[in-house]
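This report describes a sheet and the helices that accompany it. Please keep the sequence and the model at hand while reading.

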Amino acid sequence: MMKRIALFTSGGDAPGMNAHIRAIERVGGKRGLEVVGIIGGYSGMIAGHFEVLDRIRTANIIDRGGTVLKTSRCEDFFNEEGRLKAAQQLRAHHIDGVIACGGDGTFHGAHMLWTEHQIRIVGTPGTIDNDLSGTDYTIGYDTAINTAAQAIDKIRDTADSHGRIFFIEVMGRHAGFIAMDVGIACGAEYVAVPETLTDIDELYHRIVAQGLDKRTVIIVGEGDELGGALGISKAIQERYGMASKVSILGHIQRGGAPTVRDRVLASRLGAAAVDALIEGKTDVMIGEVGNQVTYVPLENTWMTRKPVPAYLADLASILV
Ligand code: F6P
């Protein structure tokens, strides 16, 4: 029987993680569970940084970006010794089940905790990249695309005033979800994503057709095979002598107050994660598909590549 559960946030922080923590503490309390926060992701788990959460600790955090539980990218968890220490800490703290909020790296670790040490653990999708199979959206994605769109709109003003060509790079690692959505939302002339090869000649002719004295905004996913926005800008300069500006939005996309959508998603998945542990589920990610809460084996979240919906690519190419 579950008495004490733990949760942690891991990998890149994502807006909405605090709403998620709050929901887990509240729902856990209502179900009669003690809820423990692990501070600093897998590093904190190995080091034994555990803290009992209560209503006061989780009050007034729903609107805050980042994660009050902190996060890490933990190298030690890649080796067996690190994972053994983590499992020992969880047992020493009498943890009956764990909720791991993060991306595919986090889920790899969670899967190993279950298979190697039989620690009951469920994952929740917390990443701005939206690249996890088994959920339509990840916690943090909606905020990130809105933040990126606001920044791009501002760059467009100056691009327009000067009649300049801008390559704007957005995050997303190996996935083009952010690029595609903000490309459409900001009326970009071209969207380069890691999922498809970028054709420099086609891109150049697209820009020429637009008019070289006109503002041209091109969105580039950071994982594009030509080396992101800098790579494309350089390639087009070398081949056609065409000058352009490069703007890399970077970590601004990970911060800030979560949108309503992210707060609601984070709260819903937090509540569902607590109930999943109570029902005996383990080694699954709790996601949302077509408005329904779903449970997919953790392995499936990274083994099947989540495609950027084809309709988005079609829209992006016809709306230019
Ligand atoms: O996974 C989220 C993310 O922001 C990616 O979009 C990006 O590639 C990566 O994390 C950056 O990670 P870090 O902040 O550790 O450099």
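## Basis

This is a predicted model, in which local features need pLDDT of at least 70 and side-chain atom pairs count only at pLDDT 80 or more, while totals for chains, interfaces and linings use all residues. Residues are numbered from 1 along each chain as its sequence is written, and side-chain values use heavy atoms, with hydrogens and water left out.

Helices (H or I, at least four residues) and strands (E, at least two) are DSSP runs numbered from the N terminus.

Seven strands form an open sheet in the order 3-2-1-4-5-10-11, with mixed pairing; two strands pair if DSSP finds at least two bridges between them. At the edges are strand 3 (50-52) and strand 11 (292-297), each of which pairs on one side only. On average, neighbouring strands of this sheet are turned by 30° against each other, direction ignored.

## Strand 4 and its partners

Strand 4 (residues 97-102) runs parallel to strand 1 (residues 4-9), and five bridges join the two. Leu-7 stands opposite Ile-99 of strand 4. Pairing with strand 5 (residues 121-125) is also in the parallel sense, over five bridges. In strand 5, Gly-123 is the bridge partner of Ala-100, and Pro-125 is that of Gly-102. From strand 4 the chain passes through helix 4 (residues 104-117) to strand 5 in a right-handed β-α-β crossover (clockwise from the first strand over the helix to the second, with the strands pointing away from the viewer).

Six of the six residues of strand 4 are buried (under 20% relative accessible area, 1.4 Å probe, protein chains only). Gly-97, Ile-99 and Cys-101 point one way, and Val-98, Ala-100 and Gly-102 the other way. In a regular strand, side chains alternate between the two faces of the sheet.

## Helices on the sheet

Helix 1 (residues 17-30) lies across strand 1, strand 2 (34-38), strand 4 and strand 5, at about 175° to strand 1. Angles run from 0 to 180 degrees between N-to-C directions, with axes fitted to C-alpha atoms, for helices over the stretch in contact. Helix 9 (residues 260-278) also packs on the sheet, touching strands that include strand 10 (284-289), with which its direction makes about 140°. Contact means heavy atoms within 4.5 Å.

## Helix 7

In helix 7 (residues 200-210), the residues Ile-200, Leu-203, Tyr-204 and Ile-207 are buried. They lie on the same side of helix 7 because they cover an arc of only 100° around the axis, taken from the directions from the helix axis to the C-beta atoms. Among the elements covering the buried residues of helix 7 are strand 6 (165-170) and helix 8 (228-240).

Just after helix 7, Gly-211 takes a positive phi of about 105°.

Technical notes:
Buried means under 20% relative accessible area, exposed over 50%, partly exposed in between (1.4 Å probe, protein chains only).
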